[in-house]
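Here are my notes on the model you sent over.

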Amino acid sequence: FVELYNQGAGDADLTGWTLKKRTSSGSSSTLVAASRFDGRVIAAGRYLLLAHEGGYVGVVTPDIMWPPSYALAYASNTLVLYNASQEVADEVNWTEIPKDQSYARDLSAGNFALQGSSTPQNSQSVP
């Protein structure tokens, strides 16, 4: 799964946004198409949960599912989030994520780091 967090003061309209993955060889493909983001808004201080259809087993209901034929690797992958103007809004890459751990941004430091067990949150989760 992937979580997006809105740390801004206002709502974030994700209409037209896309999420792509890039492999270590440099090939890029769409993970979550713009059509799946249409009409989606992340309220200020809230999350949006995206998950792999058929692969996600969490108890929190995802806001958006990506197709079962698309997958992320535990090693050498990059995720790139594009805004509606197709500009890079955020990007993260990793060398390896051990199973049963997650990779999350430290909001105070701005960098990504491995975390212990994950606790996914969706748009309905109370902050």
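1. First, the terms: two strands count as paired if DSSP finds at least two bridges between them, and strands are DSSP runs of E with at least two residues, numbered from the N terminus. The model is predicted, so local features need pLDDT of at least 70 and side-chain atom pairs count only at pLDDT 80 or more, while totals for chains, interfaces and linings use all residues. Residues are numbered from 1 along each chain as its sequence is written, and side-chain values use heavy atoms, with hydrogens and water left out.

2. I'd start with β8. Strand β3 (residues 18-23) pairs with β8 in the antiparallel sense over six bridges, and lysine 21 sits opposite leucine 79 there. β8 is also joined to β9 by seven bridges, again antiparallel, with leucine 81 facing aspartate 90 in β9. Six of the eight residues in β8 are buried (under 20% relative accessible area).

3. Skipping neighbours within four places in sequence, valine 32 is in contact (heavy atoms within 4.5 Å) with Thr18, Leu19, Phe37, Leu50, Ile64 and Trp66.

4. Then there's the other hairpin. β10 (residues 102-105) and β11 (residues 112-115) pair in the antiparallel sense over four bridges, with serine 102 bridged to glutamine 115. Six residues lie between the strands, and glycine 110 takes a positive phi near 85°.

5. Finally, what lines the largest pocket? A pocket here is an open set of points on a 1 Å grid over the protein atoms alone, where a 1.4 Å probe fits and protein lies on both sides within 12 Å along at least five of seven lines; lining residues have an atom within 4 Å of a point. The largest pocket holds about 1,700 Å³ of space, counted as the space filled by probe spheres set on the points. Of its 48 lining residues, Phe1, Val2, Glu3, Ser102 and Tyr103 are the closest to the centre. β9 gives the most to the lining, with five residues.

How values were computed. Buried < 20%, exposed > 50% of the residue type's maximum accessible area, 1.4 Å probe, protein only.
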